[in-house]
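Hi there,

Here is the structure I promised to pass on. Could you have a look at it alongside my notes below?

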Amino acid sequence: MHSFAMLNTFAKVQKQRWLVQEMSRIFAQVCVKNELKASWLAAQRVTNVIRNFATSCPVCAQPRGITKKKELSEKKLTRHFVDHRKVKLLAGAGGKGASTFHSEPRKEWGGPDGGNGGDGGNIIIKVNRQVKSLAQVAPVYKGEDGESGGSKNCYGRNAGTTYIPVPMGTVVKEQGETVADLSQNGQEYVAVFGGAGGKGNRFFLSNENRAPTTATPGERGQERVLQLELRTMAHAGLVGFPNAGKSSLLRAISNARPAVAAYPFTTLNPHVGIVKYRDHEQVAVADIPGIIRGAHLNRGLGVSFLRHIERCRFLLYVLDMSSPEPWMQLQYLRYELDQYEPGLSHRPHAIVANKMDLPGSGVNLKALRDHVEQRVIPVSALTGLNTEELILHLRELYDGYLVTQVLSSGEDKPTKW
């Protein structure tokens, strides 16, 4: 009986020991989970703090995907191309002179020692060949002011010069009159001059006045309002009506890549391509946006792009041979050019009969040659037909231009730009 009771008591103790062990295990797991959760929350706080700071460290910074720059469409490209701009320029003012007297122990009457002020900064328009448009030109420019003079005969610092980068072929006008023609890389034009610095009282020291207190303020800088116009710098210009195939022709003969498509549209800004020859000579060809009837009256793109033809030394009339009566296109083009500038259409030129791959172009080519006396070069910008003849004739026009330039200037060698 006693042994049976002892067995029951031992069994109860064993159950309680198991219960205690199980409760201890569960309690340990809960403590570990709480510690992990606390450490995780602390790590999250540190991560949130780090995310609020920007870092340039390649190890700490998060990797960002490299996005490929999308090519601008022809419509968006015109927003970045600006060929005329009106700017207001205000040069910097000179610093004022100081009116001070030197004073130190045992030398209380040291005399005037006020220095002069620094000169104001100039504003210079400078040609940069890497700039292709006037879109980056701001409407207002303010030059830096010179520093004021100080005591102990300290002169104020002169202000720095403000440069306005413009593309080659920029014409500077004031009230409609041309004041500068910037056609060379690095060419500069000082548009406005900064004001002179004021004089300190040291400047007014004389035998008659040993203690002058006079100090003058700096002069104001010049102020002007100028008009900047961009005229394309190219040897040859492709002139034609919209959809005549000028952009496709420029892609076929040069390294330029203007936008082309299988549907009708017109170029909205000029493109310049370079035609390279075996003797390393280079000829620049400009794709002038399409001209319509009445362009000289500012219809369509109008006068804003007719002025780009002024810089072209010779012209290439591009005619669409798929349209009826292509010789009428030539008459209209010449009329628009002469109305804009008398004699512009009489510059050295060639007639390019484009789109010879289309039906009916052969008949129109024969009729065109019956109506004009000049040389007609039939080409197809799409298939590349006869583009070699056009490139060779382009070189003949270029060489003739160089010879004419030599005869007119009297130089031994022609200048190239």
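Helices (H or I, at least four residues) and strands (E, at least two) are DSSP runs, numbered from the N terminus. Please note that this is a predicted model, in which local features need pLDDT of at least 70 and side-chain atom pairs count only at pLDDT 80 or more, while totals for chains, interfaces and linings use all residues. Residues are numbered from 1 along each chain as its sequence is written, and side-chain values use heavy atoms, with hydrogens and water left out.

First, the confidence. The mean pLDDT (the predictor's confidence in each residue, from 0 to 100) is 78 for the chain, and 71% of its residues reach 70 or more. Two stretches need some care. Over residues 72-79 pLDDT stays under 50, and the model has 12 contacts (heavy atoms within 4.5 Å) for them beyond four places in sequence. Residues 413-417 also have pLDDT under 50 throughout, with 16 contacts beyond four places in sequence.

Now the overall picture. The chain has 7 helices and 14 strands, and 39% of its 417 residues count as buried. Among contacts between residues at least 6 apart in sequence, 71% join residues at least 24 apart.

What does strand 12 pair with? Two strands pair if DSSP finds at least two bridges between them. Strand 9 (residues 236-239) runs parallel to strand 12 and is joined to it by 4 bridges, with G237 partnered by L315. Strand 13 (residues 349-354) also pairs with strand 12 in the parallel sense, over 6 bridges, and there D320 has N354 as its bridge partner.

Strand 12, helix 5 (residues 326-340) and strand 13 form a right-handed β-α-β unit; right-handed means that, with the strands pointing away from the viewer, the path from the first strand over the helix to the second runs clockwise. The buried residues of helix 5 include W327, L330, L333 and L337.

G240 is buried, because its relative accessible area is 0%. Its C-alpha atom is separated by 8.0 Å from that of I288, 48 residues apart along the chain.

Elsewhere, strand 5 (residues 170-174) has 4 of its 5 residues buried. Strand 5 pairs with strand 6 (residues 177-182) in the antiparallel sense over 5 bridges, and E174 stands opposite E177. That hairpin has 2 residues between the strands, and Q175 takes a positive phi near 55 degrees. Strand 5 is also joined to strand 8 (residues 223-230), which runs antiparallel to it, by 4 bridges; V171 has E229 as its bridge partner there.

Finally, the cysteines. A search of the whole structure finds 0 disulfides, taking a disulfide as a pair of cysteine sulfur atoms within 2.5 Å. C312 counts as buried because its relative accessibility is 0%, whereas C154 is partly exposed, with a relative accessible area of 40%.

Best wishes

Conventions:
Buried means under 20% relative accessible area, exposed over 50%, partly exposed in between (1.4 Å probe, protein chains only).
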